[in-house]
Amino acid sequence: MNLFYRRPLAQFCALFAAASIVGACLTKKHLSLHLPLAILSILISALLIAVPIFARRFHPKLLTPALSLLFVALSLIQSYMAVNRKLETVSRFEGMAQTCTLEIRESTLSTSYLSTYRAEIRQIGESRVAIQSKITFPFDAELSVGDRIEGNFYILAASEDAENASYLLSEGILATLEAADESVTVIGHTTPDPLSKALFSLRDHLSDLIDRHVGGEEGHLISSLFLGRRDLLRDSTVRDFRRTGTTHLLAISGMHLSVIVLFVDLLLRVFGVSKKWRCVAVLLVTLFYLALTGFALSACRAFLMCCFVYLSWLFHGEGDTVTSLFFALFFLLLISPTSVYDVGMWMSVLAVLGIVIVLNFLESLRERLRKRGMSKKKLRLVYSAVSAVCISLAAELFILFPMWLAFDELSLVALPCGLLLSPPVTATLFLTPFLFLFAWFPPFAFLIGRILYGISHMILEGVTEFSRLRGITVSLGHRFFDFFVPIFSLILLILLIVKLRKKWLIPAAMGAAILSLAAFLCFLRIPSPDTVTADYLAQGESALLAFTTGEQSVVCDLSSGSYTVIGQTHTLLAKQRATEISAFLLTHYHQNHIRSISRLLEGATVRSLYLPLPQTETESGILETLITQAKEQDCKVTLYDRGRPLVLGELTLEISKEVYLKRSTHPTFYLSASAHGQTLIYAAESVHEDETLYTGLCRQTESAEVLILGNHGPITKENFSYPLGDGYVLVADATLAEHFFLTEPPTGTVLRDTTRLTYCFPK
């Protein structure tokens with residue numbers, strides 16, 4: 001098949017999208033080649049038209065490549081004007097404190113110690129600009145939407161080097177600002193748009209209505225599904241949806257619009273409205289729904305395709321799904337150039353493309369079965385079962401490439417979860433409008449609310465049960481995916497754009513991909529003599545040790561509850577291709593652990609939390625809070641006694657008794673980790689000042705393969721040494737290295753002022 005055969009508009013739109021991707025890549029790599037490439041495309045287009053005309057050999061078919069090049073040039077020019085030039089403006093002030101004038105557009109976070117806003121930069125120094133930005137205040141700024149403010153800010157462009165750059169760019173945010181001081185002045189106020197204000201007010205009112213009649217996390221789930229209020233859900237719920245590969249159900253998408261269209265169409269049929277006016281009403285209601293839910297890109301794509309279908313019917317034309325899909329993509333990129341960075345939009349487009357192609361083959365299959373004499377009832381049953389599985393598989397395969405680029409994990413239960421949850425989610429979306437319609441009649445509203453509660457409770461329970469299964473995710477960091485995903489995507493792209501006489505090549509390629517992927521996953525699950533890998537990370541006085549075997553990881557927190565270090569857990573796990581934490585172990589208590597571990601449990605999959613037996617009333621209070629948090633996140637809690645070995649699979653851990661010196665509130669201790677007959681030791685600062693700890697540590701250091709001298713704990717004030725063998729000695733800080741001396745230089749290696757280390761315990 002040829003995807004663009006006799007579809008010139010689809011071809012133009014696809015090339016516009018491809019050029020947008022090229023422009024985005026050039027921008028992220030800081031290459032200002034947009035205008036030269038656009039001018040080159042225009043010149044070639046002009047030559048394709050002018051030369052044949054002068055030679056009197058012009059053929060109408062030359063218009064297709066000429067117009068294609070013009071679409072490419074238009075895309076590159078737009079990419080430069082909308083993104084690259086503005087990023088270049090911001091980059092001139094990179095890292096500098098500048099006086100800026102901004103207008104607050106949205107409040108995203110507000111606490112007593114931190115507040116963030118989305119704002120439009122109106123002026124940087126003497127330069128007038130119009131750039132969307134994210135602004136952070138290390139205090140409660142107490143600003144309102146519409147406030148025009150002036151102050152000193154540090155500026156960072158949302159380019160490739162920035163944190164979460166793709167996400168920021170997809171939201172249209174081209175710069176991040178941080179307040180240099182607290183001298184921020186409100187110089188005016190702009191009244192918000194009345195229509196937007198009314199929509200936000202209606203959205204909040206509908207959320208309150210759902211919460212009143214349904215309540216709890218179930219009500220928040222319905223608000224998320226129907227109104228896009230994902231911010232109401234607990235982080236643990238979002239995590240469970242992510243682990244089961246069903247996050248797309250929470251995003252306003254084509255499925256949501258399909259249910260709205262069905263609801264409105266059925267309602268109008270009851271009142272006997274003609275088909276022509278039903279089409280108009282459906283388009284108006286879906287447009288209103290898009291405005292109410294914030295114009296999500298995937299939903300906008302579905303709305304534009306719906307417009308194509310209805311308009312073709314109204315004007316007695318013939319609709320084409322492929323053309324409408326690529327035109328919708330073109331329109332979105334035209335009105336929102338930064339949406340090219342939105343992974344969700346590309347996943348939506350590719351999933352629909354995969355579904356369209358599979359439906360084409362399924363229709364051919366149904367026609368063959370019908371000609372062979374299969375009964376209508378049996379044919380309908382077989383077609384429904386086969387299409388449900390094939391459509392889900394096609395969607396999963398077609399979104400592999402953006403998933404591989406943007407995400408760390410692939411859920412192995414996405415297909416069964418999607419098939420099981422789609423019917424109750426559809427029922428929830430269909431029943432929710434009835435709750436709004438009958439809100440004025442309490443008995444009906446109560447009945448519908450109870451039904452919705454039961455359905456949403458079943459959805460939450462199903463997602464939770466699936467997410468509890470071990471091994472349901474696989475890391476996309478395996479070398480297999482680095483080879484498989486690009487090759488498969490390239491083969492599929494070639495098969496789609498070349499003119500094929502044998503259409504079976506496309507399902508054959510998809511089938512081969514499914515079999516090879518299944519074979520790799522089976523091989524990955526076969527027990528193998530994997531080594532235990534230790535990763536050490538230090539930032540200031542805080543440190544972290546992560547021990548990884550296969551896809552499981554044991555993490556030891558050696559900090560004072562700093563989330564700056566604990567937040568690096570995700571980076572360490574991705575590096576070793578681990579998808580969950582089988583055990584997270586605290587070596588000691590600190591008040592900050594309440595906040596940092598709460599954030600960790602909400603974002604990562606932690607199976608067990610190991611906590612030391614408390615020694616004081618303060619530690620007992622922290623312990624009780626951590627146990628409550630763990631129960632909320634369905635995480636098992638195990639209390640352990642310091643000084644006794646902990647056996648965690650191939651790994652054996654032993655944490656010494658903690659000792660508090662008079663000059664510090666931080667304890668000193670050491671940790672010993674053994675696997676496959678080898679030992680790694682972490683010694684906190686000033687361990688040598690306690691005779692008992694020092695004696696116990698010296699008995700182990702000589703035979704240890706790795707000795708890490710960390711700087712957590714009381715600052716040492718005297719020189720020290722340990723009996724050393726021929727392994728590695730890592731001194732984490734330069735100030736600590738000044739006091740460490742060698743009486744007998746070891747045959748191993750001493751690493752000074754090193755904050756990162758990776759070591760493998762081979763079996």
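What volume does the largest cavity have? In this predicted model, the answer is about 70 Å³. A search of the whole structure turns up 4 cavities of 30 Å³ or more.

Of the contributors, α3 gives the most, with 4 residues. Sorted by class, the lining comes out as 5 nonpolar and 4 polar residues, with no charged ones.

Next come the helices. Two packed helices are described by the angle between their axes and by the distance between those axes. Take helix α11 (residues 321-335) and helix α12 (residues 343-371): their axes come within 10 Å and cross at roughly 170°. Angles over 145 degrees count as roughly antiparallel, which means that α11 is roughly antiparallel to α12. On the α11 side, the contact is made by Thr 321, Val 322, Leu 325, Phe 326, Leu 329, Leu 332 and Leu 333. Facing them from α12 are Met 345, Trp 346, Val 349, Val 352, Leu 353 and Val 356. The tally for this contact is 12 nonpolar residues, 1 polar and no charged.

A second pair is formed by helix α8 (residues 254-270) and helix α15 (residues 414-437), which pack at an angle of about 50° with their axes 10 Å apart. That angle makes α8 oblique to α15, and the crossing of the two is right-handed. From α8, the residues in contact are Met 255, His 256, Val 259, Leu 262, Phe 263 and Leu 266. Their partners on α15 are Val 425, Thr 426, Leu 429, Phe 430, Pro 433, Phe 434 and Leu 437. Here the count by class is 11 nonpolar, 2 polar and no charged residues.

Gln 568 is found in the loop between α19 (563-566) and α20 (569-575). Leaving aside residues up to four places away in sequence, Gln 568 touches Leu 537, Gln 539 and Arg 756. Leu 537 lies 31 residues from Gln 568 along the chain, yet the C-alpha atoms of the two are separated by 8.4 Å.

Methods. Residues are numbered from 1 along each chain as its sequence is written. This is a predicted model: local features need pLDDT of at least 70, side-chain atom pairs count only at pLDDT 80 or more; totals for chains, interfaces and linings use all residues. Side-chain values use heavy atoms; hydrogens and water are left out. Axes are lines fitted to C-alpha atoms, for helices over the stretch in contact, and angles run from 0 to 180 degrees between N-to-C directions. Angles under 35 degrees count as roughly parallel, over 145 as roughly antiparallel, 65 to 115 as roughly perpendicular and the rest as oblique. A crossing is left-handed if the near helix is turned anticlockwise from the far one by less than a right angle, and right-handed if clockwise. Contact means heavy atoms within 4.5 Å. Ala, Val, Leu, Ile, Met, Phe, Trp, Tyr, Cys and Pro count as nonpolar, Asp, Glu, Lys and Arg as charged, and the others, Gly among them, as polar. On a 1 Å grid over the protein atoms alone, a cavity is a set of points where a 1.4 Å probe fits but cannot get out, and a pocket is an open set with protein on both sides within 12 Å along at least five of seven lines; lining residues have an atom within 4 Å of a point. Grid points are joined across faces, edges and corners, and a volume is the space filled by probe spheres set on the points.
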